[in-house]
Amino acid sequence: MKAQLDALDARLRQALTATAPGMARAGLAVLTALAFFLLMMTRPLAQLAGASAAARAAGVLVLTLPLALMLALAMRVERENEGSLLSALLLCALCAAAMLARVSFIDRSSGDYDIYLASWLDKLAAGSFAQGMRADVGEYNVLYQYILFLITRMPAPALYAVKAVSFAGDALLALGAARLAGREGRANAAAFGAVLLLPTVVLNGGMFAQCDSLYAACAVWGLALALEGKPARSAVCFALSLAFKLQAVFLLPIVAVLWADKKLRLSDALVFLGTLLAVMLPALLGGKSLARIVGIYAGQTGLYTGLTYNAPSLFGLLETEGLDVYAYGSFGMGLAFGAAALLTAAGIRRAGRLSDDGYAHLAVLMTLVIVFLLPRMHERYFYLALVLSVVLACRLPALLPTAVLTELASLSACWALHIPLYAASIMMMTAGMLVGISFMLAGKGVSKTRKP
């Protein structure tokens, strides 16, 4: 009997640890998505209470599609790493867990959604596409307005559809992080899973219905593709990132370093501008003027007048009550622009000698230090720095404390952790100092060509 069990044990271990065939990975992904769909069909969902079976199925399908994307991208990571059936099974379980964490908050609508997004969706639903574009609905740029318009035409609750778009962005962000953290042309599975499970990333879309994953995914892909020797695609991604949100500018100074390092070309600037124009074209055809499209971001810069909006930044260390907002705000902006120039110059000086690890350092420093010094920042503006710190930690495990500090500081600012704002600001500052010291010590890294 023992001999038979040992033989079965050996066969089972061989079957599970051998490289998984493509059909087996696909089958696992399909079964996971189907199981999630059936589970959600039995779950009490407030937005679908009293709906017909067809309407309920449509609503649940909208929530299942982001999981299907997560699973497809996870299996792509497995294929690149020639993973086993067991590792594919574990990645499917990870994706399912990540999605279940998100839908735990699916019926919760945040203040931002109730006050802003819900009314914008109502206005877009009431008229045609052209009417929506001419009405100047919302404070987002036109690319996200297109998505909101499509959501109003979907046979699913708007709240679910808005969050599902963010969940799809989470999946693309996770793969971009995995590519940026990877080596020798293989995506890093640890980075993929870590980004999907980061509490701040989960809460951003799952609880608050924010869309930061969309611009962050495009920014991360832009950097990854540039380092993989695909400059035109990189320019498209950087342009899409800026088209989604103005916060993309925190990383964009690295474009100058990439150009000096011959990873981007002047011709790619035309691709960048062409992509922005292509994004604007539907709105222009709908009757929205170019001045009003370009003015969206200019208008956003004047929306907030306080020194900090719960961001763990330099101004989180100060007692801001009674301070001259204009003077201190200008002081912070001067420091931030100076830091951006200094970091860009440091990267350009190392052009030709800057390794992929060096670019990861530089990306974290830009998105963390610039936001830390700027006034009028919200807590979620550290989102990109958080994801990039995870990438850096996956590339250099010694910098894991940086990712932990950044996540705790970000999480405490957006959730009810027992960490005061000044303590979170100190944690964020410490994270930046650790990355800065590591960047200086690694200054003589030799760049290596990444495999496409």
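How far apart should the ends of helix 11 (residues 212-227) be at 1.5 Å a residue, and how far apart are its end C-alpha atoms? The 16 residues of helix 11 should span 22 Å, and the end C-alpha atoms lie 23 Å apart, which agrees. This is a predicted model. The close-ups below start with that helix.

**View 1. Helix 11 is mostly covered.** Of its 16 residues, 16 are buried. Gly 229 follows helix 11. The phi of Gly 229 is positive, near 80°.

View 2. Helix 12 is largely enclosed by the rest of the structure, because 10 of its 14 residues are buried. The buried residues are Pro 231, Ser 234, Ala 235, Cys 237, Phe 238, Ala 239, Ser 241, Leu 242, Ala 243 and Phe 244.

**View 3. Ser 234 is a buried residue of helix 12.** How accessible is Ser 234? Its relative accessibility is 0%, so Ser 234 counts as buried. Leave aside its neighbours within four places in sequence, and Ser 234 is in contact with Gly 222, Leu 225, Ala 226 and Leu 264. Val 271 is 37 residues from Ser 234 in sequence. In space, the two are 9.4 Å apart, C-alpha to C-alpha.

**View 4. Gln 247 sits in the loop between helix 12 and helix 13 (254-260).** The cut-off for buried is under 20%. Not counting residues up to four places away in sequence, Gln 247 touches Tyr 215 and Tyr 381.

**View 5. Helix 2 (residues 22-42) has a buried side and a face turned away from it.** Helix 2 has 21 residues. From first C-alpha to last, helix 2 reaches 31 Å, close to the 30 Å expected at 1.5 Å a residue. Its buried residues are Arg 25, Leu 28, Ala 29, Thr 32, Ala 33, Phe 36 and Met 40. Seen down the axis of helix 2, these buried residues fall within an arc of 125°, so they line one face of the helix. What covers them includes helix 3 (53-81) and helix 4 (85-103). The face turned away from the buried side carries exposed residues: Met 23, Val 30, Leu 31, Leu 38 and Thr 42.

**View 6. Thr 32 has its place in helix 2.** How accessible is Thr 32? Its relative accessibility is 17%, so Thr 32 counts as buried. Which residues does Thr 32 contact, leaving aside neighbours within four places in sequence? They are Leu 67, Leu 71, Cys 92 and Ala 96.

View 7. Which helix gives the largest share of the patch? Helix 20 (residues 421-441) does, with 4 residues. At 33% relative accessibility, Met 429 counts as partly exposed.

Conventions. Residues are numbered from 1 along each chain as its sequence is written. This is a predicted model: local features need pLDDT of at least 70, side-chain atom pairs count only at pLDDT 80 or more; totals for chains, interfaces and linings use all residues. Side-chain values use heavy atoms; hydrogens and water are left out. Helices (H or I, at least four residues) and strands (E, at least two) are DSSP runs, numbered from the N terminus. The expected span of a helix is 1.5 Å times one less than its number of residues. Buried means under 20% relative accessible area, exposed over 50%, partly exposed in between (1.4 Å probe, protein chains only). The arc is that of the directions from the helix axis to the C-beta atoms. Contact means heavy atoms within 4.5 Å.
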